Amino acid sequence: MKRKTVKEILKNSGELTGKRVDVKGWVRTRRGNKNVQFVALNDGSTINNLQIVFDLSKFSEESLKPITTGSSIHVEGELVASQGAGQSVEVLADTLEVYGTSPADYPLQKKGHTMEFLREKAHLRPRTNTFGAVLRIRHALAYAVHKFFNDKGFYYFHTPLITASDCEGAGAQFQVTTLPLQELPLNEDGSIDYSKDFFGKMASLTVSGQLEGELGATALGLIYTFGPTFRAENSNTPRHLSEFWMIEPEMAFYEIQDNMDLAEEFIKYCVNYALEHCYDDIKFLNDHFDHELIDRLKFVVDNDFVRLSYSEGVKILEESGKKFEFPVYWGVDLASEHERYLVEEHFKKPVILTDYPKEIKAFYMKLNDDGKTVRAMDVLFPKIGEIIGGSQREENYEKLTKRIEEMGLEGMDWYVDTRKYGTVPHSGFGLGFERLVQFVTGMQNIRDVIPFPRYPKACEY
């Protein structure tokens, strides 16, 4: 008999009731009396468990002894309408095979566990209801990303993880080297001689695939990247990871309005896809962690995003009368509390802020005619603030070269070349995938939406 997943059995219970089924999974709970034992079985395919009924006239106490929380079993039996509350169908077992037992010290018992405890058990936490739900939603969102861009004619473009450039200019990069750290080769001035290194120059893990993505867009027209990126910031906030995944579309012939339209359409598509395909998991998280989650997701899908300039946003914040932890003035890089005020209290809608001061944005953003602001855009969401950052890119050779010189950047000739040979208006944006997963799941800490989080002093597994 071919095995069926718990998800398949529950989804097709109408046609399967009265038939024998073959099911395998891990034991969540076991209860019962001297006549019958009930086991809640889960195989990871769904948040819901399948109840297995063991009639003690068929099974001895000794044969059922290995069935403890965390053990793995294989059962065959008839699927019948359930006699008890809590489930519509159950399996009347007539065969049992125990694959793996689980001793009494199994860390994931029925009692509740803190998120901090589960981070210390990251090798086991996917087996919990919470993290099973989060990881299934993460998968669905990843699939939605690829489907959205593929259906719109974008090409998936792979950018390098090892790079000699710093896209953001922040300098917070992990260095990649094969030089012997105990005996580094030095130049006469005492600096490290990188000509002896593997690449012949200093290399790092990428903070973004954007610059290389722009090269793809100037050839293929519409591209997107979706891969891991790395930041060596010594940050321990609930919003930052040292290793995370980025989605970065780049579009030739798109100006800032086109960019905003795409960003809004994209984020709504992903959220709606999760609501349609992961509703059981989202409802579990809504019921157990964040009672406003479903309403918040529908709020994003159902509302047009407000669009206004950074200057207008700052004016609203200054006139709000609200006491912010961080002061507000024109030229400041807005904090999460400022962004959330605009979204949650003032407009009560998602917001796209544009035209930021050039001093607080990256060198590649297109300069506006006022010489003070750039065609940047940030998409702001409830609960988390900025979820997407993007811009129209500077396509003018002279302006881009001048900006690079002002910032003292080196080794950018290959990037500037695209402005010498057939330059075009083009735009793009970046979405931290974990930020999206965090929003859709309602999890409070970004470390809880990636299977094995990397952050300062944490590199287990």
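**View 1. Helices α7 and α9 are oblique to each other in this predicted model.** Their axes come within 9 Å and cross at roughly 140°. Angles under 35 degrees count as roughly parallel, over 145 as roughly antiparallel, 65 to 115 as roughly perpendicular and the rest as oblique. Axes are lines fitted to C-alpha atoms, for helices over the stretch in contact, and angles run from 0 to 180 degrees between N-to-C directions. α7 covers residues 256–277 and α9 covers residues 293–302. Helices (H or I, at least four residues) and strands (E, at least two) are DSSP runs, numbered from the N terminus. Residues are numbered from 1 along each chain as its sequence is written. The model is predicted: local features need pLDDT of at least 70, side-chain atom pairs count only at pLDDT 80 or more, and totals for chains, interfaces and linings use all residues, while side-chain values use heavy atoms, with hydrogens and water left out.

**View 2. Side chains at the α7–α9 crossing.** α7 passes α9 in a left-handed crossing. Left-handed means that the near helix is turned anticlockwise from the far one by less than a right angle; right-handed means clockwise. α7 supplies Lys268, Val271, Asn272 and Leu275 to the contact. α9 supplies Leu297, Lys298, Val300 and Val301. Contact means heavy atoms within 4.5 Å. These residues divide into 5 nonpolar, 1 polar and 2 charged. Ala, Val, Leu, Ile, Met, Phe, Trp, Tyr, Cys and Pro count as nonpolar, Asp, Glu, Lys and Arg as charged, and the others, Gly among them, as polar.

**View 3. Helix α7 against α14.** The axes of α7 and α14 come within 11 Å and cross at roughly 45°. The two helices are therefore oblique to each other. α7 passes α14 in a right-handed crossing. Ile267, Cys270, Val271 and Ala274 of α7 meet Leu436, Phe439 and Val440 of α14. This contact has 7 nonpolar residues, no polar and no charged.

**View 4. Buried residues of helix α8.** α8 spans residues 279–288. Its Asp281, Ile282, Phe284, Leu285 and Asn286 are buried. Buried means under 20% relative accessible area, exposed over 50%, and partly exposed in between (1.4 Å probe, protein chains only). The cover over these residues includes α5 (129–151), α7, α9 and α14 (433–441).

View 5. The structure holds 0 disulfides, a disulfide being a pair of cysteine sulfur atoms within 2.5 Å. For Cys278, the nearest cysteine sulfur is that of Cys270, 12 Å away. Cys278 counts as buried, at 6% relative accessibility. Cys459 counts as exposed, at 60%.

View 6. Asp355 is not a glycine, yet has a positive phi of about 55°. Asp355 lies in strand β13 (residues 351–357). Its relative accessible area is 26%, so Asp355 is partly exposed. Lys457 is not a glycine either, and has a positive phi of about 70°. Lys457 is found in the segment after α14. With a relative accessible area of 87%, Lys457 is exposed.

**View 7. The whole chain, for context.** The chain has 14 helices and 16 strands. Of its 461 residues, 51% count as buried. The C-alpha atoms fill a box of roughly 85 × 60 × 45 Å, taken along the principal axes. Among contacts with a separation of 6 or more, 66% join residues 24 or more positions apart.
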